[in-house]
Amino acid sequence: MYTINNIYKSFFHRIILEDISFKVEQGDVIALLGKNGIGKSTLLRILGKISQPDKGTILYNDANIYKEKAIIRKGILYLGHDVGLYPSLSAIDNLKFACSIHGQKVKDTSIVSILNQLGLSNRINDQIKIYSKGMLQSLKYALAGLIDWDILFFDEPFSSLDLKRRKAAQGHIDTWIKNSKTMIFATHDPEWSLSHCSRLLLLNDQKLIFDQRTNEIDIKKIIKILR
């Protein structure tokens, strides 16, 4: 489904990622772990074609995402640190516009329903520039719940969420897992990763040093590397 071959990335002559290669199969739920500043977000941005690698190729259904037309990337959804929506628009208008960009028409009732699930239904007409960080994070889940995607790249899925909003967010992730959706999460939480993901990738010293199924992993070994 997704094949990453020999990815390199540097910033100001400093190597961030060196010779990163792995494959993603349909239904994989992958946790991408590593220390702060190690390159997790950079790699996720490259996978979602938000950033360009210095070298290497990425194939999505056997097509090079950096050389083929945009249509071949249909089904890819990237959710980064920023919500990527328009601050001056309301939640409902932002979601309607975002869905239309992805070629989908969504009824207002469907948008209101998912916003209600995420505790945002009483703020749907507010400009999102007045939203808290937690509300904006929840808005990402609304977007992912409305768009029909095949592979999701999600950077820090629980950032800024309180317990109630985290529970709602986890409910969406659980549904996606149940439906065999393909996902890669950049996260700092090894315990959550082992509980909810099928596979763990670990970045350290610019390289991918660990790629293993979570049911085969010794968590003590992972925590030791992350310290």
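Analyst: Here are notes on the model, then answers to your questions.
Analyst: This is a predicted model, where local features need pLDDT of at least 70, side-chain atom pairs count only at pLDDT 80 or more, and totals for chains, interfaces and linings use all residues. Residues are numbered from 1 along each chain as its sequence is written, and side-chain values use heavy atoms, with hydrogens and water left out.

User: At what angle do the axes of α2 and α4 cross?
Analyst: Roughly 40°, and the axes come within 10 Å. Helix α2 is residues 91-101 and α4 is 133-146. Helices (H or I, at least four residues) and strands (E, at least two) are DSSP runs, numbered from the N terminus. Axes are lines fitted to C-alpha atoms, for helices over the stretch in contact, and angles run from 0 to 180 degrees between N-to-C directions.

User: Which residues meet there?
Analyst: From α2, Ala91, Leu95, Ala98 and Cys99; from α4, Leu139, Ala142, Leu143 and Leu146. Contact means heavy atoms within 4.5 Å. By class, the contact has 8 nonpolar, no polar and no charged residues. Ala, Val, Leu, Ile, Met, Phe, Trp, Tyr, Cys and Pro count as nonpolar, Asp, Glu, Lys and Arg as charged, and the others, Gly among them, as polar.

User: Is Cys99 buried or exposed?
Analyst: Buried, at 0% relative accessibility. Buried means under 20% relative accessible area, exposed over 50%, partly exposed in between (1.4 Å probe, protein chains only). Cys197 is buried too, at 5%.

User: How many disulfides does the structure hold?
Analyst: 0. A disulfide here is a pair of cysteine sulfur atoms within 2.5 Å.

User: New topic. Where is Lys9, and what does Lys9 touch?
Analyst: Lys9 is in strand β1, residues 2-11. Its relative accessibility is 10%, so Lys9 counts as buried.

User: How many residues of α1 are buried?
Analyst: 6 of its 8, so helix α1 (residues 40-47) is mostly covered. Thr42 and Ile46 are among the buried ones. Just after α1, Lys49 takes a positive phi of about 60°.
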